[in-house]
Amino acid sequence: MVGPGAGVAPFRGMIQDKEFLGTKDKQIYGPISLYFGCRGLNWDYLYKDEAVEYEKGKIVNDYNLALSREGDKVYVQHLVKKNAEKVAQILFKEQGIMYICGSLRMGKDLISALIEIATS
């Protein structure tokens, strides 16, 4: 799941559903990787406390945070490229699914990153 800024909102429902079903011993979800991006930890880090708890509870198995205005500019597509081997394994060998929600610009940049991963 890739959802910078408010783009993460739709994924919250899926994550909450996985948590709820886990209490009922129903596992219809596999591992969840979440790439979230915001400007900074104290600016617009939406659902920070939730994210930390979901990662601690292994509801979200792999949480990646991109901060675009603290230190070096890091965007979600940079983190996807950094994790290219893991992303390729999940998408191409394990037949994983990637959900993307956010700005059109980010989507285009992310697709370019995925094409690089797929062709390398």
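Start with the lining of the largest cavity in this predicted model: by class, it has 10 nonpolar, no polar and two charged residues. To display it, select Val 8, Arg 12, Ile 15, Leu 34, Phe 36, Leu 46, Tyr 47, Glu 50, Ala 51, Tyr 54, Val 60 and Tyr 63. Colour α1 (9-23), β1 (33-38) and α2 (48-56), the elements that each give two or more residues to this lining. The largest share, three residues, comes from α2. The space inside is about 100 Å³, and a search of the whole structure finds one cavity of 30 Å³ or more.

Stay on helix α1 and select Lys 18, which lies in it. Lys 18 is buried but has no salt bridge. The nearest side chain of opposite charge, that of Glu 19, is 11 Å away.

Next, go to the largest pocket, with a volume of about 560 Å³. Centre the view on Pro 31, Ile 32, Ser 33, Ile 90 and Ile 97, which of the 22 lining residues lie nearest the pocket centre. β1 and α4 (84-93) are the elements that give two or more residues to the lining, and α4 gives the most, with four. The lining has 13 nonpolar, six polar and three charged residues.

Finish at the second largest pocket, which holds about 310 Å³ of space. Select Pro 4, Gly 37, Ser 68, Arg 69 and Tyr 75, the closest to its centre of the 17 residues that line it. Here β1, α3 (76-82) and α5 (104-119) give two or more residues to the lining; the largest share, three residues, is from α5. Its lining divides into seven nonpolar, five polar and five charged residues.

Conventions: Residues are numbered from 1 along each chain as its sequence is written. This is a predicted model: local features need pLDDT of at least 70, side-chain atom pairs count only at pLDDT 80 or more; totals for chains, interfaces and linings use all residues. Side-chain values use heavy atoms; hydrogens and water are left out. On a 1 Å grid over the protein atoms alone, a cavity is a set of points where a 1.4 Å probe fits but cannot get out, and a pocket is an open set with protein on both sides within 12 Å along at least five of seven lines; lining residues have an atom within 4 Å of a point. Grid points are joined across faces, edges and corners, and a volume is the space filled by probe spheres set on the points. Ala, Val, Leu, Ile, Met, Phe, Trp, Tyr, Cys and Pro count as nonpolar, Asp, Glu, Lys and Arg as charged, and the others, Gly among them, as polar. Buried means under 20% relative accessible area, exposed over 50%, partly exposed in between (1.4 Å probe, protein chains only). Lys and Arg count as positive and Asp and Glu as negative; His and the chain ends are not counted. A salt bridge is a side-chain nitrogen of Lys or Arg within 4 Å of a carboxyl oxygen of Asp or Glu.
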